[in-house]
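Dear colleague,

Please find below the structure that I am handing over to you.

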Amino acid sequence: MESTGFWSALGPAERAKLTEVAAVRSYGRGDLLCREGDRADSVLFLRTGFARITSVTPDGREVLIGVRGAGDVIGELAVIDRGLRSATVTALEEVEALTVPAARFTALSRKEPGIAWCLALVLAERMRALGKQWLDIGGGTIPRRVAAQLMQLAVQHGVRHGVDVEVVIPGTQAELAMTAAISRESWVRATRELRARGVISTGRRKLTIHRITELRRLAR
């Protein structure tokens, strides 16, 4: 269930070339890896840990976009088009990342077709996932929206432990509810019902799916 990420799609030679021009940085829980609206000066490759991606809507609401884990690339869009950061990335736990200066990453992407191709694959995958996420979560009943949201998190970032799937919760209940376009109270009621049915259990900053087949059925 774990995302393969950009890094694992690269060949040994491409990884070596990126590592050669990268610096290793460590972030504590709650630290910002990059901030929405800032000028992009580097690309980051997560080595360990999870980070959440959020963006602020025109009316001032913070919306959860997704979660990135080991192997994922962060900040590539703003480097490619020389624009501003489109989202804020915050460490959910202790994170270690490789940071490559924007100019060096751009030069390597132009010179090394393997890097450029893997980047294109990642961008295509994210566009497809975002479109599906809006279709799955944006419509239907409240229980279906919540089930679809939890399935999305499980597919992208779940870790199997036997028949269970453990997912790091990327935000607060209010943030998850906003992403599903429902109220916090509705999100709480829907997850409480899932717990009562034995489909999931919850803990501090994590959720365990015990009956993934039933959750998938509820998300349809």
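In what follows, buried means under 20% relative accessible area, exposed means over 50%, and partly exposed lies in between (1.4 Å probe, protein chains only). The model is a predicted one: local features need pLDDT of at least 70, side-chain atom pairs count only at pLDDT 80 or more, and totals for chains, interfaces and linings use all residues. Residues are numbered from 1 along each chain as its sequence is written, and side-chain values use heavy atoms, with hydrogens and water left out.

Nonpolar cores

A nonpolar core is taken here as a set of buried Ala, Val, Leu, Ile, Met, Phe, Trp, Tyr and Cys residues joined through side-chain atoms within 4.5 Å. The largest such core comprises 28 residues, and Val146, Leu150, Leu194, Ile200, Ile209 and Leu215 have the most contacts inside it. Two or more residues each come from β5 (62-68), α6 (142-157), β10 (164-168), α7 (173-179), α8 (184-196), β12 (206-209) and α9 (212-219); helices (H or I, at least four residues) and strands (E, at least two) are DSSP runs, numbered from the N terminus. The largest contribution, 7 residues, is that of α6.

Leu194 is in contact (heavy atoms within 4.5 Å) with Val146, Leu150, Val199, Ile200, Leu215 and Leu218, leaving aside its neighbours within four places in sequence. A second, separate core has 19 residues, among them Ala78, Val100, Leu108 and Leu119.

Salt bridges

A salt bridge requires a side-chain nitrogen of Lys or Arg within 4 Å of a carboxyl oxygen of Asp or Glu. A search of the whole structure finds 7 of them.

Arg47 pairs with Glu96, with 3.5 Å between the closest N and O atoms. Arg47 is partly exposed at 41% relative accessible area, as is Glu96 at 26%.

Lys206 and Glu166 form another salt bridge, at 3.8 Å from N to O. Here too distant parts of the chain are linked: Lys206 is in strand β12 and Glu166 in strand β10, 40 residues apart. Lys206 has a relative accessible area of 36% and is partly exposed; Glu166, at 30%, is also partly exposed.

In the salt bridge between Arg211 and Glu214, the closest N and O atoms are 2.3 Å apart. Salt bridges with shared partners join Arg197, Arg211, Glu214 and Arg217 into one network.

With kind regards
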